[in-house]
Amino acid sequence: MSRFFKILSLVLVAGALNCVNAETADSSSKKLILKAQTDAANMEMVIKDNFIKAKYASAENRFTQGNIKASYNDFADLISRAKHDDYVFLAYGMKMAEYGFFDLTEDLFKKLDKNLYTENYIKDIKRFHFPSAMVQDRDAIYLADAYASIVYNNLAIETTSELINSNKASESDYKNYLISLGYYKSNNLPQALKYINNALIQNDVNVNYKILKAKILADSNKPKQAQKVLKEIQKQEFLTVDYRDKIRAIEEYILYKIAKDEPLKDYHLAYYYHLQGKSLLATKVLQSAILQAKEYSAQIFSLLARIYYENDEPLKAQEYAQRAYREDSKNYLTLITLADLSYDERNFENALKYYKQAKGSAKNEIRPSIGIAKSYLAMENKKKSKKIYEKLLKKNGADQDLLTSSLMVFPQRVDDYLPQIASVDLLNNEIWLGLANIAIKDGNYKMAETYLNNSYYIDENNFKYYYYLSLVLKARGDIEKSNLSLIRCSALDSDYAAKIYSGQNGYEK
C-alpha cells in the first residue's frame, strides 16, 4: 500500500470515528504512519501481557527438546504470574494435559471462573487425557520425560525398557499407557496391546487410551476389532470443537489403516492430515493418489476441492469440485463445496440448488440445511429463511455453526448465542471479536479487553482486532495508541478501514 493511501485511509477512518481531530490527522499522520511501519507489532499497542505468551513458547520448546523439569517450571511460573484469563488458562491447560502435567492442569482449573464455557472444556480435557489418579510430583516429571522421549526424541525402545524396569509410578494407568505407546512406536504391537489393555482395566473412560488401542488393532491387521473400539470412542459425547475434531481425525486414521486399496488408503490419510491442519501434506498425498486409480477419483477430487476451498483458493477448489461432480454428482463433499463456492460468488440460486442436493445426499448433516436457510435470506425470502432457522434451532440448538448463521435473522439473540459458541469453540476468533464488539457497545471496556486478549492469542494480525482495540484505547483516553491501532488496521485491510464508521462494524453490517 502506498504511503499516500495509508494517509488517506487514516483520514477516512479517523474522520468517521471521530477518533482523530482534523489538526492531528493533518500534522502528525506521517509521523504516526512511519512509527506504525517500523514498529507495527509494537507491544505498547497490545493489551496482552506478552511475557506469558513468551513463557509458554519457552515451556513448549523446552519440553520438545527433552528439558522436562525446566518446561514444568516454566508452566508453573506461567500459572502463578498470568493475569486471570479463562481462555488463556484453558488453551494452556490443554497442552499441559497432553504433556502429562496433570497436576499443573488441575492448578489452572482452580483459577477458572465457574461457568458453562469453562465447565465444557474441563469435562473434555479430563475425559480425554486424565489418569484415574494423580502421581507424586517427582513421578509426574518422570512420566512426562518418558512421553517427550517417545514422541519427540525418537527414544521409544530405550524409554520403554526404562519404564518397565522402574518401580516409579508403578500403580499408574498412565505409566501403562506410556509403555504401550513406546511399544507401538517401536512396532512391537503384541506388547503394545497388552499394556494398553492394562491401562484400560485401570481406567476405562480415558479416550486417549482407547484411541491408542484402536491404532494398535488397526496396525495389527485386526480391522473389525479396531472398528469396534472406534465405535466406542464415537459414542463419547465431547462438548467442544477441539476434542470433537480430535475424534474426527482418528476416525480417518483408522479408516486409512484398515483400507485395502492404496488410493483409498491415501484418501483417508490425506483427510487425516487435513483435519490436523496439514493441508499441504494432504494435497501432496492426494495428487499422488490421482495417478493410481480412476475408481476413487471422485472422492479424491472432492477432498482436494474442499481443502483448496478451506485454504482460500477458490479457483482450484472450483476446478476440482467440477471434476468430482462429473465423476459423481451425488458426492456430499463435492456438493457442499460447490454450494459454498456459489454462495461466496453471490450466485444464490446455484448455491440453493447444490445445498438441496447435498441435503439429499446426507440427510443427517445439518450444514446443507443451514446453507438453504442463508441462501433464501440472501435471495430476500426472509420469511422462508426464518422458518427454516426456527425449525433447525429446535432440534440442533447447540450447533455452533447454526447459532452463528441464525444471527443473520435473529440479531437480537447475539448476547445469548455468542457465549454459547465460545463455550464449545475456543479457537473461533470471530466469536471473541463479536463478544468484544458487544462489550464495547455496552461500555464494558474491561470485559472487551479480556475478549481482545483472547483474539490476540489466536491471531495477532487480525485487522478487526486492531479496530476494536482502537475503540478500547480511545475510551481509556489513549488517543495516540488508538490512532496507531487504526493505522495497523488500515495496513492489514484498507477496505475495511475505509468503510467503517462511527457505531458500526463488520458484525452490525
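Setting aside neighbours within four places in sequence, E251 is in contact with L230 and Q234, where contact means heavy atoms within 4.5 Å. E251 sits in helix α14; helices here are DSSP runs of H or I with at least four residues, strands are E runs of at least two, and both are numbered from the N terminus. Is E251 buried or exposed? With a relative accessible area of 19%, E251 is buried, because buried means under 20% relative accessible area, with over 50% being exposed and anything in between partly exposed (1.4 Å probe, protein chains only).

A word on the model itself. It is a predicted one, so local features need pLDDT of at least 70 and side-chain atom pairs count only at pLDDT 80 or more, while totals for chains, interfaces and linings use all residues. Residues are numbered from 1 along each chain as its sequence is written, and side-chain values use heavy atoms, leaving out hydrogens and water.

Zooming out, the protein has 29 helices and zero strands. Of its 509 residues, 52% count as buried. Among contacts with a separation of 6 or more, 60% come from residues 24 or more positions apart.

Next comes the nonpolar core, a set of buried Ala, Val, Leu, Ile, Met, Phe, Trp, Tyr and Cys residues joined through side-chain atoms within 4.5 Å. The largest one holds 160 residues, and Y92, F101, Y177, I196 and I254 touch the most other members. Helix α5 (residues 86-99) gives this core its largest share, nine residues. As for I196, its contacts beyond four places in sequence are Y177, S180, Y209, L212, K213 and I216.

Helix α5 also packs against helix α26 (residues 445-458), at an angle of about 35° and with the axes 9 Å apart. The axes are lines fitted to C-alpha atoms, for helices over the stretch in contact, and angles run from 0 to 180 degrees between N-to-C directions. On the α5 side, Y87, V88 and Y92 meet N454, Y457 and I458 of α26. Sorted by class, this contact has five nonpolar, one polar and no charged residues; Ala, Val, Leu, Ile, Met, Phe, Trp, Tyr, Cys and Pro count as nonpolar, Asp, Glu, Lys and Arg as charged, and the others, Gly among them, as polar.

On a 1 Å grid over the protein atoms alone, a cavity is a set of points where a 1.4 Å probe fits but cannot get out, whereas a pocket is an open set with protein on both sides within 12 Å along at least five of seven lines; lining residues have an atom within 4 Å of a point. Grid points are joined across faces, edges and corners, and a volume is the space filled by probe spheres set on the points. The second largest pocket has a volume of about 1400 Å³. Its lining counts 42 residues, with K95, E98, F128, K246 and Q276 nearest the centre, and α14 supplies the largest share, eight residues. That lining splits into 27 nonpolar, five polar and 10 charged residues. The structure holds one cavity of 30 Å³ or more, and the largest cavity comes to about 100 Å³.

Last, the backbone. Most residues other than glycine have a negative phi. N187, though not a glycine, has a positive phi of about 65°. N187 lies in the loop between α10 and α11 (189-202) and is exposed, at 58% relative accessible area.
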